[in-house]
Structure formats: structure tokens, C-alpha cells
Amino acid sequence: MKKKQVILLHLLYWLFFIYYQFRFAFVLKESNVELQSYILSYSFLLVNLLTFYANYFIFMPWVYKKQKMYAIIGGIISIFLFFGLLRYSIEEMLFPILFGFRNYHEKTTLVYYFYDNVFFGYTTIFVATLIWLLNNALKTEREKRKLIEEHKNSQLQALKTQINPHFIFNTLNNIYSLVYQNSDKALPAIEELGQLLRYSTKDLEKDFITLDKEIGYLDSLIELEKLRIKNPELLIVEKKLSHPKLNISPMLLVPFVENAFKHGDFRNKGFDMKISDNNKVLHFYLLNFKKEKMKDSVSGIGIENVRKRLEILYPKKYELNMIETETNFTVDLKIDLKNEEN
């Protein structure tokens, strides 16, 4: 419950209380009774006001903190005693001195007085307790959601920092191979890597980037990998984007392409990658051929990180199917990016 809503509940209760209380004073016509009735109405309002906020700010927090039966019983008795003693002090001790009258008859016993004031005080005490419990429950829920969100954010940041070193490690391996072969492709490869690092250092810390930027990562990565492949024309990339400014978590698609280049057979084969966003649903499809006699699974830390991030960021809004056979590996990912546009 927001602060404004809590204040509104308080105001509504006191408006109702004032109307209900002074309504009876207005209908009394005798002049000698009317002034006394007004004074008693104001004193009753004051007692209820002080009791309400004593219960709200002192008794209820204490009872909730203890969460013991003795605290609950003691809190109930204490707040009703507070109401009775406060009203008795004002109307039965102070008023006779100031105005020459009291509210109850002189012969009224204290036992009856406090018993009778349980009836007069329970409404205000009950409402104060109810509002405090409601506000506290919603406050606890907000704090719980905040902790969950902070935990998710810390998880995501950890997962993204795992992806970046993994990506750099794979790329440096490729460049090392080119340098070792004294290839003239080494310098362009270093330039492409520099561009990719500029992308990652600038955007990786962000929660979301635009879809065209994420695909820009893929384009740079593919161009870098083409430098070491004999038949780059076999890398088939099909892109049909109608909503390039949709938001997506950074480095979400890159691990799949990294995985394809790491485990794929590119001697006389390539891969087939298709990206579309019809109806603001991202569809990423990637088919690559596995290296011969490859025994281990093609999935690794990067793929597992993507799974975790998808579950955190897009629960019930994504569909990921990965099919691995003896000869190829297929990724079919769909993410509903509706309401994710800048």
C-alpha cells in the first residue's frame, strides 16, 4: 500500500467518525445541554484520536515485534486501559474543575466505567489495528518483491559477466590461430574483436538494449569468424525485422552463435540462421553441423546461462527448443517482446 493510500484511509475514517459523532450533538435542542454535548463530543474525538495513533505507532509495532501470546493479550488490555484512563482523566477529573460537570454519574464505579468504555473504544482500536495490519502486510510484500528483484538483478549481472569472458576466450583462440599461421586476416580479426569489445563494454551493463544492437553483435561475430572459414558463403543468414527497436537483454543470442562456431563443422559446411520479429515475437533459428566424431554435448556454460536468464527475464514468455542429433544441432527460440518497445 502506498503512502497516499494509507493517508486516504485515515482521512476517510476520521471524516466518518466526526460526522457520526457530531450528528448527535446537532440534534440536541436544549441550550443548557447543547454546549455540554459539544464539549463532550470534542473530548471524545480527542481521546479516540490519541488512542488511534498510540495503537498505530506504539502498541501494534510492539505486539508485532514480539509475536507472542502474552504480547497480544497484553497489547489488547493496554490499549483499552489507555483509552479508558485517558477519557477518565479528561472527562471525570479535568472537566469538573474546568466546566463543573462530568460525563458519568459521580457514583459510577471504576469497574463499570472501564467495562462501558470497552464498547466506546473498540471501533477506533479495531480500525487502527486493521489499517496497520493491512499496511504492514503490503509493506512486507513490497520488501519481499524488492529482495527478489535485487536477487534477480544480481543473478543476471553474474550471468552476463560469465558470458563476456567466455566470448573473449573463444575469439582470442581464433585470432591466435590466424597469427600462428601468419595469415593476413589476423589484423582485420583484431579490428573486429576491438569493435565487439566496444559493443560489449558499452551495452553489457545495461538491463536491455534494442534488438538491432543485439543482432549487430551477431553480425560482427559472424564477420570475425568468416576470416578463418574457407567457404564463408556457406554461412546463410536471413533477417526479417519489422521492429528493430524492441528491447532485449544484451548478449542473449550471441552464445548460440558462439556455440555453433565452437562445435560446428565448417570445412565444407556452414550454418543456417534466421531471425524475424513478426507480431513482436522474436524468432531465432540456428542450424549448424557438428564436427565428426564429437562425443561431448555441444551445450556449455554459455547456453546454460541463457536458459537461466530467459527464465528470470521472460517467464512464460519464451519457448526454447534445442535438438541435437549425431550430425547437427538446432536452436529454435521464440521470445514474446510485446510491450518491450522504446
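S220 is a buried residue, with a relative accessible area of 7%, where buried denotes under 20% relative accessible area, exposed over 50% and partly exposed the range in between, for a 1.4 Å probe and protein chains only. The model is predicted, so that local features require pLDDT of at least 70 and side-chain atom pairs count only at pLDDT 80 or more, whereas totals for chains, interfaces and linings use all residues. Residues are numbered from 1 along each chain as its sequence is written, and side-chain values use heavy atoms, with hydrogens and water left out.

S220 is found in helix α6; helices (H or I, at least four residues) and strands (E, at least two) are DSSP runs, numbered from the N terminus. Helix α6 comprises 16 residues, 211-226. Its span from the first C-alpha to the last is 23 Å, close to the 22 Å expected at 1.5 Å a residue, the expected value being 1.5 Å times one less than the number of residues. Buried positions in α6 include L211, I215, Y217, L221 and L224. With residues up to four places away in sequence not counted, S220 touches E192, Q195, L196 and Y199, contact being defined as heavy atoms within 4.5 Å. The C-alpha atoms of S220 and L193 are separated by 8.3 Å, although the two residues are 27 residues apart along the chain.

E225 also lies in helix α6 and is buried, at a relative accessible area of 5%. Apart from neighbours within four places in sequence, E225 is in contact with N174 and F261. Between the C-alpha atoms of E225 and L235, which are 10 residues apart along the chain, the separation is 10.0 Å.

A further buried glutamate, E91, has a relative accessible area of 0% and belongs to helix α3 (residues 69-98). The side chain of E91 forms a polar contact of 2.7 Å with that of S43 and another of 3.0 Å with that of N103. A polar contact is a pair of N or O atoms within 3.5 Å; within protein, one must be able to donate a hydrogen and the other to accept it, and residues adjacent in sequence count only if both atoms are side-chain atoms. Beyond four places in sequence, the residues in contact with E91 also include L40, F44, F101 and Y113.

Aromatic pairs number 30 in a search of the whole structure. Rings of Phe, Tyr and Trp (its six-membered ring) pair if their centres lie within 6.5 Å; planes under 30 degrees apart count as stacked, over 60 as edge-to-face and the rest as tilted. The pair F59 and F82 is edge-to-face, because the ring centres are 6.2 Å apart and the planes stand at 65°. F59 lies in helix α2 (residues 31-66) and F82 in helix α3, so the pair ties together parts that are 23 residues apart in sequence. F59 is buried at 17% relative accessible area, whereas F82 is partly exposed at 30%. Ring pairs also link a cluster whose members include W14, F44, Y56 and F120. R87 lies over the face of F120, 5.0 Å from the ring centre; the criterion is NZ of Lys or CZ of Arg within 6 Å of the ring centre and within 35 degrees of the ring normal.

Strands β6 (residues 318-324) and β7 (residues 328-336) pair in the antiparallel sense over 7 bridges, pairing requiring at least two bridges found by DSSP. The two strands form a hairpin with 3 residues between them, and the bridge partner of E324 in β7 is F329.
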